[in-house]
Amino acid sequence: MKELPTIQTRKSFNFRSLGVLGLIALLLTVSYLGSIGNKPVSATIPMEQVSLTATQTAQEREGVHPSAMPSEAPAVITAVTPFDKYREDLEAARKAAGTQLDEVILNTAANAETVQEALRQKTALAKAMEVEASMEALIKARGYSDVLCTYREGSVNVVIKGASLTQQQASQILDIAMAESGAPASNIRIIPAE
């Protein structure tokens with residue numbers, strides 16, 4: 001009996017694809033870690049301990065009286081809230097992931113399947129950013145001073161600046177998150193944090 005010829009395909013290992021997958025895993029890990037517990041992971045310094053202005057100059061710390069020195073304006077230190085820090089970290093991770101995805105998409109040596117997967121992931125990343133920005137804007141429009149939202153397909157975390165929320169406030173936030181993300185109420189976590 002005659003044997004049929006076999007076709008062997010060679011799958012090339014693309015290190016850029018591995019890098020993209022690693023960055024996406026990092027992004028998902030940062031998002032997950034930020035959502036566990038009662039406070040975001042980046043919330044390390046209570047706001048009460050952050051000084052908004054530094055009135056003590058270097059000369060005062062060294063024991064020189066301020067009247068003996070020419071006057072200088074106090075140094076102003078901008079307080080970075082835990083919300084701002086987490087937002088910066090998330091944006092940096094997303095920017096890096098987007099850059100890696102762009103490299104894969106534009107790589108002429110990448111196979112069609114890899115490019116399609118990179119396009120799918122980039123679309124999902126853009127959708128997540130759009131949903132988060134929309135939820136944050138709508139919740140801030142309700143009068144909350146700071147809000148941080150993370151969205152993964154089917155899961156939403158909303159961190160609100162404040163000690164606690166009333167049932168009515170939580171219900172309003174839940175309605176916004178459900179409408180914007182399409183996630184069911186059981187997959188939406190609302191976390192008050194200071």
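Select Asp 84, Arg 87, Glu 136 and Asp 146: a network of salt bridges links them. A salt bridge here is a side-chain nitrogen of Lys or Arg within 4 Å of a carboxyl oxygen of Asp or Glu. Residue numbers start from 1 along each chain as its sequence is written. The model is predicted, so local features need pLDDT of at least 70 and side-chain atom pairs count only at pLDDT 80 or more, while totals for chains, interfaces and linings use all residues; side-chain values use heavy atoms, without hydrogens and water.

Stay on Arg 87 and Asp 146, whose closest N and O atoms are 3.5 Å apart. Arg 87 belongs to helix 3 and Asp 146 to the loop between helix 4 and strand 3, so this pair ties together parts 59 residues apart in sequence. Helices (H or I, at least four residues) and strands (E, at least two) are DSSP runs, numbered from the N terminus. Arg 87 is buried, at 18% relative accessible area, and Asp 146 is buried at 10%. Buried means under 20% relative accessible area, exposed over 50%, and partly exposed in between (1.4 Å probe, protein chains only).

Next, select Glu 132 and Arg 94, which meet in a salt bridge at 2.5 Å, N to O. Glu 132 is in helix 4 and Arg 94 in helix 3, 38 residues apart. Glu 132 is buried at 4% relative accessibility, and Arg 94 at 10%.

Glu 117 is partly exposed at 32%, as is Arg 120 at 47%. The whole structure has 8 salt bridges.

Now colour the largest nonpolar core, which has 16 residues, including Met 135, Ile 139 and Val 147. A nonpolar core is a set of buried Ala, Val, Leu, Ile, Met, Phe, Trp, Tyr and Cys residues joined through side-chain atoms within 4.5 Å. Helix 4 (112-141), strand 3 (147-152), strand 4 (155-161) and helix 5 (167-181) each supply at least two of its residues. Helix 4 gives the largest share, 4 residues.

Which residues does Ile 139 touch, leaving aside those up to four places away in sequence? Among them are Tyr 144, Cys 149, Ile 173 and Ile 176, where contact means heavy atoms within 4.5 Å.

Finish at another core, apart from the largest one, with 7 residues, among them Tyr 86, Leu 90, Leu 148 and Ala 193.
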